[in-house]
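Subject: Structure for you to look at

Hello,

Here is the structure I promised to hand over. Please open it next to this email and follow along.

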Amino acid sequence: MNKHVVKVDELHFGYDGEEILKGISLTLEKGEVLGVIGPNGSGKSTLLKLISGLINPWKGDVFIKDRPVASYSRRAIAQIIASVSQEIERDFPFTVREVVSMGRAPYIGRFAIEGKRDKKVIDEALELTDIDHYGERLPYQLSGGERQRMVIARALVQEPEVLLMDEPTSHLDLKHQMEINRLILGLKKEKNLGVIYVTHDLNIAAECCDRIVMMGRGEIRASGSPFDVITGDNIEEVYGCRTIVDENPETGRPRVTPLMELING
Amino acid sequence: MDLAPKRFKLRMFGIALLVVLSILALLVSVGIGSVSVPLGDILKICLGEKASTAVANSAIIIMEIRLPRVLTAFIAGAVLAVAGASFQALLRNPLADPFILGVSGGAALGGVMAIVLGFSFDGFSIQLFAFIGALATILFVYSISIVDGRIPKYKMLLAGVIVNSFLSALIMLVLSLAGEDSLASALFWLMGDLSSASWNRTLTGIPYLTAGLAILYMMSKEMNLLLLGEEQARELGVNTERIKLLIFVSASLITGVVVSACGLIGFVGLIIPHAVRLIWGADHRFLIPASLFLGGIFLTLSDMVARTVIAPVELPVGVITALIGGPVFVYLMKKRLHE
């Protein structure tokens, strides 16, 4: 009946008795990018961890393909949801190809090694993210943009239905940011992925996302199309900043220009 | 983990090479000692061929003294290297070694107590005391680092470091109260002692060691994933707490078995995994077996040097592992950095 690949229902969660998420509900369908925006500390990253089942909510439920996330094994979840985070450990000398191929782990048995199909998936992901020439390099020999594409390649190798991205472009220059964003939009189309895209960049959210959820103080303050959510009033209320929101002449999407003056100091 | 075909071939070649080198190291080191036995005779003896009286005399030396000792050295080196690689993955810390979580301190205290209290005549009591010490420490470190069913790595490291320094204080206390005779043998034991190896003692440890090594090898895929970070490992389908517990228990137990039989042989568990990584890369599906063979070879040869270099006086093998291992490791590191 239900076609939501992710459904979050009245989620409550906090650390050390302090509530961080106060009743969050949202849905994600396949083939759409859902933006999650909001000030620092509004609970965006925590929300992603709850969705992938890394932490358990106080109250409320997360459903993945209509089943509670807690009813899946870690391995089964890893075949549906892949995360792209910012950090990878660099103290041990794995090659780029080795790191990427670790994304196959949820599919490979204890004693098996990668078969033909695994290799094909890995090759495809390296090609799609345009790092196939760097397979034998070590991650620290890559630029920030290439390293981020490596992490995305690893997520793709999981053959997920849902991609959780937590500020995937935060350390990158403009060109690399656009490369990553183009890649995400391409993947949504080609692989029919559902993407939850956490970002601080309101303009990118407006351009890339089909729907946007704006969070503030642990609650959803606005949600809907970029036109409904990215408005001067919403931003002023949630971020406490004055902005000019007009129209991007090329795409027609909302365009945000921040102003220096703050509200309430 | 997927490998480029070239890399895969290189690794298979590496393992084959290590197996051949292991056999060579064992044969050479069986032959060399106060009585040198030529390689041909060793092969005859090992294959049980009928031979002249001269060879028959060597046969007793080989079968009763050299072979158990050489095999013990090989096994101890192999186990310490695998345990070291496992602790480095478990704690995601390149400086980790088999002794980092306190197993060694507990075993050492037990062993030293046995020596100082005068139970050392049969060797077996040292082993027993040391093993009890190791086991108690493992349980203690585990129980203080566990929080809500999870073992955070920093808590574990900290617990290990604190327990280790507390135990070394106790060892110092026991040693300072000990008589001169037992002091010397306790110190020798602390630096790694293979001289009391016998068939009996080597064979008793083998079932536990085999089980522990097999479990660690089975965890090698998960060790790779753990090194990406615990959260990422979970996102890739690993039940991290269970895997960590398995690695901790297996690596600690096999370390305990070896330390209680041979004392504290340092350096093998730290540098062998690094040497393998520097040469062949970090994939544990290769790193674990390669460390096993390289660790075995390294300790076998170190022991050979320790018992022959200023014979008939025997040096503690731990001194040799550090003296040979340190410079070789520095060389490997420099070479790698230049590439």
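One cut-off before the findings: two residues are in contact if their C-beta atoms, placed from the backbone, lie within 7 Å. Bear in mind too that this is a predicted model.

**Chain A, strand S1**

Start with A:Gly14, which sits in strand S1 of chain A. Leaving aside neighbours within four places in sequence, A:Gly14 is in contact with A:Glu19, A:Ile20 and A:Trp58. A:Pro57 is 43 residues away along the chain, and its C-alpha is separated from that of A:Gly14 by 8.1 Å. A:Gly14 counts as partly exposed because it has 15 C-beta neighbours inside 10 Å.

Strand S1 (residues 6–15) also holds A:Glu10. Look at the backbone there. A:Glu10 has a positive phi of about 50°, although it is not a glycine. Most residues other than glycine have a negative phi. With 13 C-beta neighbours inside 10 Å, A:Glu10 counts as partly exposed.

**Two further positive phi values in chain A**

A:Arg217 has a positive phi of about 50° and is not a glycine. Its place is the loop between strand S9 (211–216) and strand S10 (219–224) of chain A. A:Arg217 is partly exposed, with 14 other C-beta atoms within 10 Å.

**Chain A, helix H5**

That helix deserves a look of its own. H5 of chain A covers residues 144–157. Its 14 residues reach 20 Å from first C-alpha to last, close to the 20 Å expected at 1.5 Å a residue. How many of its 14 residues are buried? Eleven are, so H5(A) is largely enclosed by the rest of the structure. The buried set includes three arginines by name: A:Arg147, A:Arg149 and A:Arg154. Also among the buried residues are A:Met150, A:Val151, A:Ile152 and A:Leu156. What covers them? The cover for the buried residues of H5(A) includes strand S6 (81–84), H3, H4, strand S7 (162–166) and helix H6 (174–191) of chain A.

**Where the chains meet**

The contact takes 30 residues from chain A and 24 residues from chain B. On the chain A side, the elements that give two or more residues are helix H2 (74–78), helix H3 (96–101) and helix H4 (116–128). By class, that side has ten nonpolar, seven polar and 13 charged residues.

**Chain B overall**

Chain B has 14 helices and zero strands. Its radius of gyration is 20 Å, close to the 20 Å that the globule rule gives for 339 residues, so chain B is as compact as a globular protein of that length. The C-alpha trace spans about 65 × 55 × 40 Å along its principal axes. Buried residues make up 52% of the 339 residues. Among contacts in chain B between residues at least 6 apart in sequence, 76% join residues at least 24 apart.

**Chain B, helices H4 and H5**

Now the helix pair. H4 (residues 103–116) and H5 (residues 124–145) of chain B pack at an angle of about 145°, with their axes 7 Å apart. The crossing is right-handed. By class, the contact has 14 nonpolar, seven polar and no charged residues. On the H4(B) side, the residues include B:Gly105, B:Gly106, B:Gly110 and B:Gly111. On the H5(B) side, they include B:Phe129, B:Phe131 and B:Ile138.

H5(B) has 22 residues and reaches 32 Å from its first C-alpha to its last, close to the 32 Å expected at 1.5 Å a residue. Its buried residues include B:Gln127, B:Val141 and B:Ser145. Helices H4, H6 (153–177), H7 (180–190), H8 (199–218) and H11 (240–262) of chain B are among the elements that cover the buried residues of H5(B).

**Chain B, B:Leu292**

Finish in helix H13 (residues 284–308) of chain B, where B:Leu292 is found. Is B:Leu292 buried or exposed? B:Leu292 counts as buried because it has 26 C-beta neighbours inside 10 Å. Leaving aside neighbours within four places in sequence, B:Leu292 is in contact with B:Ala78, B:Ala81, B:Val82 and B:Leu213. B:Asp41 lies 251 residues from B:Leu292 in sequence and 28 Å away in space, C-alpha to C-alpha.

Best regards

Technical notes. Residues numbered from 1 in each chain as written. Chains lettered and ligands numbered in written order. Predicted model: local features only at pLDDT ≥ 70, side-chain atom pairs only at ≥ 80, totals over all residues. Helix = DSSP H or I, 4+ residues; strand = E, 2+ residues; numbered from the N terminus. Rg over C-alpha atoms; globule rule 2.2 N^0.38 Å. Buried ≥ 20, exposed ≤ 12 C-beta atoms within 10 Å, placed from the backbone. Axes fitted to C-alpha atoms, helices over the stretch in contact; angles between N-to-C directions. Left-handed = near helix turned anticlockwise from the far one by under 90°. Nonpolar A, V, L, I, M, F, W, Y, C, P; charged D, E, K, R; others polar. Expected span 1.5 Å × (residues − 1).
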